[in-house]
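Q: I have the model open on my side and would like to go through it with you. Could you take my questions as they come?

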Amino acid sequence: IDHGFRLPSAFDNRPFRFEETEKYMHNVVFTSATPRNYEYDVSEQIVEQIIRPTGLVDPKIDVRGTDGQITDLVSEINQRVSKGERVLVTTITKKSAEMLSDYLLEMNIKSIYLHHEVDTLDRIEILRELRLGKYDVVVGINLLREGLDLPEVALVAILDADKEGFLRSKGSLIQLMGRASRNVHGSVILYADNLTGSMKEAITENNRRRRIQQEYNEKHGIKPATIRKEIRSIVETLMQIEPKEEEKIEVPDDLTSQDILYVIDDLKEKMAEAAGALDFEKAALYRDKIKELEKLVETR
């Protein structure tokens, strides 16, 4: 606007800044597994959901030095594998994750490196194969964004736990630790030479929740049990969904065969995005239209 590329009216056609949005926020409910200071500061009431229906408690945490950490990690992995359990390992850098994954393979441990270049559907399939036992270990950098719900995972190993930053902040550490809370034998190992402020806060919060959960279970005679969750592939999930008639995707009839192939490629990308977001109904819409168009191409 200042340089003449936009009219002053453009001010009225832009998204609000957050502080502007706040003026219209009156009755708001914030829902978060790891609320930040903002939510605590503006909230008049805080309600915590700490008790789980399954009786599961937050994992036991162990802090260990980095001297000999890989040898120690391999030993811990082998213990879990012998019991039919799975392991998640997170590092700070891509190089260290790749090297660790390769080393574990050399040690005859079925591991795979999960990185940002893995396609959405492939990522979901890898996590499914971890549950099935094709892999025993998944090594990654940012395992926060996976939305992981893996009952078979009994150990989360966090390397470079004392390297302060987003991936090792209090909130991130709590989320990483929570990946082991679906299994009754869940535990977390933090490999570090120093106890950072984020580590102290995360461990304190984890232990506070664990204590409340244990006291509740003891009071009510609840015996914790690992979550039992069906393992299905994306394809199996999609095949069980029937799209509603009014939601069917329409494609113009006058398209050439080449145009249809372009549309199919576009729909495949959208199906992958929808499946990655666990919106299987929308993914099923794209699936059906892809099948329909593929048959149409064959007849031309």
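Q: Let's start with the largest pocket: why does it lie where it does, and which domains give residues to its lining?
A: Domain 1 (8-42) and domain 2 (60-220) both contribute residues to the lining, so the largest pocket lies between them; the domain bounds come from an automatic or database domain assignment. Please keep in mind that this is a predicted model, in which local features need pLDDT of at least 70 and side-chain atom pairs count only at pLDDT 80 or more, while totals for chains, interfaces and linings use all residues. Residues are numbered from 1 along each chain as its sequence is written, and side-chain values use heavy atoms, with hydrogens and water left out.

Q: How much space lies in that pocket, and which residues are closest to its centre?
A: The largest pocket holds about 1,400 Å³ of space, and of its 41 lining residues the closest to the centre are Thr31, Ser32, Ala33, Pro35 and Val47. A pocket here, on a 1 Å grid over the protein atoms alone, is an open set of points where a 1.4 Å probe fits, with protein on both sides within 12 Å along at least five of seven lines, and lining residues have an atom within 4 Å of a point. Grid points are joined across faces, edges and corners, and the volume is the space filled by probe spheres set on the points.

Q: Which helix gives the largest share of the lining?
A: That is α7, with 5 residues; α2 (37-42), α6 (170-178) and α7 (197-220) each supply at least two. Helices (H or I, at least four residues) and strands (E, at least two) are DSSP runs numbered from the N terminus.

Q: And what is the lining like by class?
A: It has 17 nonpolar, 13 polar and 11 charged residues, where Ala, Val, Leu, Ile, Met, Phe, Trp, Tyr, Cys and Pro count as nonpolar, Asp, Glu, Lys and Arg as charged, and the others, Gly among them, as polar.

Q: Back to Thr31: where is threonine 31, and is it buried or exposed?
A: Threonine 31 sits in the loop between α1 (18-22) and α2, and it is exposed, with a relative accessible area of 77%; buried means under 20% relative accessible area, exposed over 50%, and partly exposed in between (1.4 Å probe, protein chains only).

Q: Now α6: why is it described as largely enclosed?
A: Because 7 of the 9 residues of α6 are buried, the helix is largely enclosed by the rest of the structure. The buried ones are Gly171, Ser172, Leu173, Ile174, Leu176, Met177 and Gly178, and what covers them includes β1 (60-64), β2 (86-90), β5 (153-158), β6 (187-191) and α7.

Q: What about serine 181, where is that?
A: Serine 181 is in the loop between α6 and β6, and at 4% relative accessibility it counts as buried.

Q: What does the side chain of serine 181 make a polar contact with?
A: It makes one with the side chain of arginine 52 at 3.4 Å, and the side chain of serine 181 also reaches the backbone oxygen of glycine 178 at 2.6 Å. A polar contact is a pair of N or O atoms within 3.5 Å; within protein, one must be able to donate a hydrogen and the other to accept it, and residues adjacent in sequence count only if both atoms are side-chain atoms. Leaving aside neighbours within four places in sequence, serine 181 is in contact (heavy atoms within 4.5 Å) with Arg52, Leu56, Val57 and Pro59.

Q: Changing topic, which value does phi take at asparagine 108 and at aspartate 160?
A: Phi is near 60 degrees at asparagine 108, a positive value in a residue other than glycine, and near 55 degrees at aspartate 160, again positive in a residue other than glycine.

Q: Last one: how many helices and strands does the chain have?
A: The chain has 10 helices and 6 strands, and buried residues make up 39% of its 300 residues.
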